[in-house]
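Please keep the sequence and the structure in view while going through the points below.

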Amino acid sequence: ELVREFVAQNNTSQIKHVIQILSQEFALSQHPHSRKGGLIGLAACSIALGKDSGLYLKELIEPVLTCFNDADSRLRYYACEALYNIVKVARGSVLPHFNVLFDGLSKLAADPDPNVKSGSELLDRLLKDIVTESNQFDLVGFIPLLRERIYSNNQYARQFIISWILVLESVPDINLLDYLPEILDGLFQILGDNSKEIRKMCEVALGEFLKEIKKNPSSVKFAEMANILVIHCQASDDLIQLTAMCWMREFIQLAGRVMLPYSSGILTAVLPCLSYDDRKKNIKEVANVCNQSLMKLVIPEDDDMDEAKQSMTLPAEPASEESLSKPEAISSGPTTICVLQLSFLSSPSFLCSSERIPVTLNLDGIVQVLDCHLHDTSIGMMTRIAVLKWLYHLYIKTPRKMFRHTDSLFPILLRTLSDESDEVILKDLEVLAEIASSPAGQTEGHGPSDGPDARSNQVELHVPIKASQLSSSGTKGMECSPSTPTMNSYFYKFMINLLKRFSSERKLLEMRGAFIIRQLCLLLNAENIFHSMADILLREEDLKFASTMVHTLNTILLTSSELFQLRNQLKDLKTQESRNLFCCLYRSWCHNPVTTVSLCFLTQNYKHAYDLIQKFGDLEVTVDFLTEVDKLVQLIECPIFTYLRLQLLDVKNNPYLIKALYGLLMLLPQSSAFQLLSHRLQCVPNPELMQTSSAGFKRAAAANIDYTELLQHFEKVQNKHLEARHQRAGRGEQLERRVVL
């Protein structure tokens, strides 16, 4: 009654005096009963003031909020009840004091006493109703408090925070989306709460935000939230990771090239997910969409952009790769996140809409991530395939910039050829073939690129002196440096290092050598591959490897469907190019006598084949040698040599073919191959017509090839092999003596 009289008299000083007495002498008293009385008095005072209570809210609210911290739960309940009455009377007038009310309520939400918690919930609902009805809510002033409280680990406090976010999202006049970057990280952390109810509430809140983002993408600050998503896409919690990945998918599709500066971080998060098993199938599928969408953002124009402008428009990568690749950084609380945010929120350019952000591709960061994943032997097959697809895509879209990284990528690409998966090897070969054939890879001379990004690891890219300068046996009928418009200076380097790989890893040659070479013949020019490999093998110091490699190449040449065109080119030797190729192959094929004969059979050089077989009497006949002769006989019975078998009908014009086959027959022991060839030769009509007549020799077209010189070269190479075998045998005997001693 006293307060009402003062109100009627408009006596503000007396009203303040009454409130002060109730606050200082009662509500803040040392005695519990006095505090209780003071709280009841302040609530009654507020009711008496009615609509005028807004003028005294600061004096009314502060002592009540102080009692929220009282040790006595009953007093906390009375404080909650008192504040409820004060707020109910003041309604919208309490909004200027919203932050202190929210702060007090967030503490009561986690109160251990159920009565206090129940009272705080009533007050909370009342305050939410007031905020929903009002259009004067100060969102800007509230966000710092929300950002701070959102990192609470208490379940009830988290539930309280999420409930308020849902309310603020539902108010049309409050645009919480503008401040989403401030609270997004905290929301994702709450999403990992142990309580299913809280996780569900957080899912709903994030879902509402995502709907709003899809409706108004032009007003969304995608750049400010990109790194937050990158971090949570690497979370150990499946729900957090899946939700973050879904957001990332929408961001890439909605923001487009605005996301390009964050590509390396996105790839760090996305690539490992591509190898997930069916237990994480949903995450894997969304990650795959993210990966594909991001890849489509890279365009040919990125190869032409002036990189000098990059630092002027957008910083390189907003956060370091280390911070983006460690999901445990999430659990370290807001401090870690704030540091991460500051690294990119401080840039004014990120505050623009997506349409106004000038974007350039940070290729260095992307290549670094791809290279790191290729080096990681623990990653799954699908991740390795995705990495190789990225490299191939970048070489197609941005070849000029990518070739600055080729020297550093080349060694790991070669090592990837030893991968267990055929699919990985196929993609790896596509990348290597693109490197070897892209016009952007054409450099002056044979040296590696001289750009500022050239790496120090260039040992594997060393190219020897031109073959013509090293060949000591003359260059008649031979051109050793294959070069066509489809190949670049990296092609020859690739061939050299591929053979080095086969030499150092014989199991790779044995298990995958034919597969790799056949695929390369599809991807590149088959003639160039065989020409260059023959050229390199001509100077191979490891004669045993040279013989094995020549045997492998010869088998591919004679049996693979991919080499059909090349076989036809060699079969007739009608052009100078085909004759040059034959001579180049022949000189290297001399490392293996039987393959040399098979090459002569393929090219219909039957007289020379007969001359070679005559020389076999001077060679050391080993079990391996006889095995290869056996395989050659089997090959003669294959469809590849159908034309050769038909030529046996023309005895008059092909006497040396028949004599060569008889020569092979005489070399063989009484085996199944002997029986096979013997039966074939028995089908030759009129054996008595086997007259040697050079006048009728069919191959006059290749008369400009110096077969005498080729035969001398064969003898020289075989002498080297004989010496090498003797040396190996000598070393073996010495080793045996040492063991005995």
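Predicted model: local features only at pLDDT ≥ 70, side-chain atom pairs only at ≥ 80, totals over all residues.

Axes are lines fitted to C-alpha atoms, for helices over the stretch in contact, and angles run from 0 to 180 degrees between N-to-C directions.

**Helix packing**

- Helix H2, which spans residues 12-27, packs against helix H4, residues 57-67, at an angle of about 15 degrees, and their axes are 9 Å apart.
- Because angles under 35 degrees count as roughly parallel, H2 and H4 are roughly parallel to each other, and their crossing is left-handed.
- On the H2 side the residues that meet H4 are Ile19, Ser23 and Ala27, and on the H4 side they are Glu59, Leu60, Pro63 and Cys67.

**Arginine 35**

- Arginine 35 is found in helix H3, which covers residues 32-49, and it counts as buried because its relative accessibility is 13%, where buried means under 20%.
- When neighbours within four places in sequence are left aside, the contacts of arginine 35 are Phe26, Ala27, Ser29, Gln30, Asp70 and Leu75.

**Aromatic pairs**

- The whole structure holds 21 aromatic pairs, and one of them joins phenylalanine 98 to phenylalanine 142 in an edge-to-face arrangement, with 5.1 Å centre to centre and 75 degrees between the planes.
- Since phenylalanine 98 belongs to helix H6 (residues 98-108) and phenylalanine 142 to helix H8 (residues 139-149), this pair ties together parts that are 44 residues apart in sequence, and both phenylalanine 98 and phenylalanine 142 are buried.
- Phenylalanine 102 and phenylalanine 160 form a tilted pair, because their ring centres are 5.0 Å apart and their planes lie at 40 degrees.
- With phenylalanine 102 in helix H6 and phenylalanine 160 in helix H9 (residues 155-170), the pair ties together parts that are 58 residues apart in sequence.
- Phenylalanine 102 counts as buried at 0% relative accessibility, and phenylalanine 160 likewise counts as buried, at 6%.
- Ring pairs link Phe98, Phe102, Phe142 and Phe160, together with Phe137 and Trp164, into a cluster.

**Charges over rings**

- The charged end of lysine 280 sits over the ring of tyrosine 276, at 4.8 Å from the ring centre.
- The charged end of lysine 493 sits over the ring of tyrosine 490, at 4.1 Å from the ring centre.

Conventions:
Residues numbered from 1 in each chain as written. Heavy atoms only, no water. Helix = DSSP H or I, 4+ residues; strand = E, 2+ residues; numbered from the N terminus. Buried < 20%, exposed > 50% of the residue type's maximum accessible area, 1.4 Å probe, protein only. Contact = heavy atoms within 4.5 Å. Phe/Tyr/Trp six-rings, centres within 6.5 Å; stacked < 30°, edge-to-face > 60°. Lys NZ or Arg CZ within 6 Å of the ring centre and 35° of its normal. Parallel < 35°, antiparallel > 145°, perpendicular 65-115°, else oblique. Left-handed = near helix turned anticlockwise from the far one by under 90°.
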